[in-house]
Amino acid sequence: MAPLFRIIICLLAAEVFADQTPAFDRSEVPSVTWPDWMSYLPDYLPLSSLAIPGTHDTMAFYGGNLAECQCWRLPNQYKAGIRFLDIRCRHYQDRLPIHHGISYQRTDFPMVLNDTVTFLMEHPMETVMMRVKEEYDPYQNTRSFYKSVDEAVKQVGEQWFLRTTRLPTLGEARGKIVILQDFSAGGEGPAFGPPYPGSMSISDAYQVNDDAVKWTEVLRHLNVAQNGDPERPFLTYTSGVHWLLYPPETLARKINPRVYEYLKGKAVGAKRSVGVVIMDFPGAELVREIILDNWK
Ligand SMILES: *[C@@H]1O[C@H](CO)[C@@H](O)[C@H](O)[C@H]1NC(C)=O
């Protein structure tokens, strides 16, 4: 093969398989960080009106290519600018280990809260929206999932949580965790936060047979968000899976760059932001581009 041709092939392969690109990242540390971006926005803004970068299955680091969705540890996700988390806990002997389906993720809900509070102590102008969902089969419990969450919340300190059932303004939420409650309170006590999905508009087409169809759906919902009520939360999951064609990483390599190009091309003067964008393996430049949407 002619050397020049060979070099071109290598460059193409490097682009397709690279671990760190602007929109997709499979390495451990984000290439750029923006740990205090919310401090530049005014208090009166409803949280629902903001463009917020999020991660799907935030703590899914182990279990093979069908289970793994992220590679930045939680403190690095926060530094990059991620402010929406998708936390899946199994209820196991009254504890809350993090799971993705059957795969145990070698950490638990109290550790997630610990990392989050540590971040909020250092960055008190930020807020974190945390979807909390019960995952996989419960096993040998003496109390409800609600009670186990309650215990973890009390252990880290209730002052770190904003317990409201409507989505607050940024000013009300600063320095706090807003739990989006994706489990039943079962009459055992007050809600931890707004119900998920509740009145949110959510696009989460995670069973993917064709990446072009998935992208069409993502784009459709980003447009719905931008024409929507600023008081209503819009959540768009760019993530998805097909057991053979699209492990989460493969799909992220195809979808994330399209989201990135779309946002870079978006003009200033939009009615409202794209809302919450929830991704697998986001690149730090993509996270940044979502944040910048707050000034368009
Ligand atoms: C997090 O865990 C460490 C180690 O156990 C502990 O020293 C620290 O106080 C905890 N932080 C919070 C905010 O709970």
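Me: Where is Leu162 found?
Reply: Leu162 sits in the loop between H4 and helix H5 (170-173). Keep in mind that this is a predicted model.

Me: Where does Thr107 lie, and what is it in contact with?
Reply: Thr107 lies in strand E4 (residues 103-108). Leaving aside neighbours within four places in sequence, its contacts are Met59, Pro97 and Ile98.

Me: What makes Met38 buried?
Reply: Its relative accessible area is 0%. The limit is under 20%, so Met38 is buried.

Me: Is Met38 in a helix, a strand or a loop, and which residues does it touch?
Reply: Met38 lies in the loop between helix H1 (3-17) and strand E1 (52-55). Not counting residues up to four places away, Met38 touches Leu50, Ile52, Arg83, Met125, Glu126, Thr127, Leu170 and Arg174. Met38 and Met125 are 87 residues apart in sequence. Their C-alpha atoms are 6.5 Å apart in space.

Me: Why does Arg131 count as buried?
Reply: Arg131 has 6% relative accessibility. Buried means under 20%, so the label applies to Arg131.

Me: Where is Arg131, and what does it touch?
Reply: Arg131 is in strand E5 (residues 128-134). Beyond four places in sequence, it touches Phe84, Leu85, Asp86, Ile87, Arg88, Leu180, Asp182, Tyr196 and Tyr237. The C-alpha atoms of Arg131 and Phe183 are separated by 9.7 Å. Those two residues are 52 residues apart along the chain.

Me: What makes the link between Arg131 and Tyr237 a polar contact?
Reply: The contact joins their side chains at 3.0 Å. The cut-off for such a pair of N or O atoms is within 3.5 Å. The value of 3.0 Å meets that cut-off.

Me: Which residues touch the most other members of the largest nonpolar core?
Reply: They are Phe84, Leu85, Ile87, Phe109 and Met130. The core has 79 residues.

Me: What is Met130 in contact with, leaving aside neighbours within four places in sequence?
Reply: Its contacts include Leu85, Ile87 and Phe109. Among the others are Tyr78, Val112, Ile177 and Leu180.

Me: Is Gln140 buried or exposed?
Reply: Gln140 has a relative accessible area of 51%. Exposed means over 50%, so Gln140 is exposed. It is found in the loop between E5 and helix H4 (145-156).

Me: Is Asp57 buried or exposed?
Reply: Asp57 has a relative accessible area of 2%. That is under 20%, so Asp57 is buried. Its place is in the loop between E1 and helix H2 (74-80).

Me: What is phi in Asp57 and in Gln140?
Reply: Phi is positive in Asp57, about 45 degrees, although Asp57 is not a glycine. Gln140 also is not a glycine, and its phi is near 50 degrees.

Me: How do you know that the peptide bond from Tyr196 to Pro197 is cis?
Reply: Its omega is near 0 degrees. Pro197 lies in the loop between strand E6 (177-182) and strand E7 (201-203).

Me: Why is Asp211 called buried?
Reply: Asp211 is at 12% relative accessibility. Buried means under 20%, so Asp211 counts as buried. Asp211 lies in helix H6 (residues 211-226). Not counting residues up to four places away, it touches Tyr246, Leu251, Lys254, Ile255 and Arg258.

Me: Which residues are around the ligand?
Reply: They are Asn114, Val117 and Val156. The protein covers 34% of the 360 Å² of accessible area that the ligand has on its own. A ligand oxygen is 2.2 Å from an N or O atom in the side chain of Asn114.

Conventions:
Residues numbered from 1 in each chain as written. Predicted model: local features only at pLDDT ≥ 70, side-chain atom pairs only at ≥ 80, totals over all residues. Heavy atoms only, no water. Core = buried A, V, L, I, M, F, W, Y, C linked by side-chain atoms within 4.5 Å. Buried < 20%, exposed > 50% of the residue type's maximum accessible area, 1.4 Å probe, protein only. Contact = heavy atoms within 4.5 Å. Near = heavy atom within 4 Å. Polar contact = N/O pair within 3.5 Å; in protein donor to acceptor, adjacent residues only side chain to side chain. Areas by Shrake-Rupley, 256 points an atom, 1.4 Å probe, with all protein chains shown as cover. Helix = DSSP H or I, 4+ residues; strand = E, 2+ residues; numbered from the N terminus.
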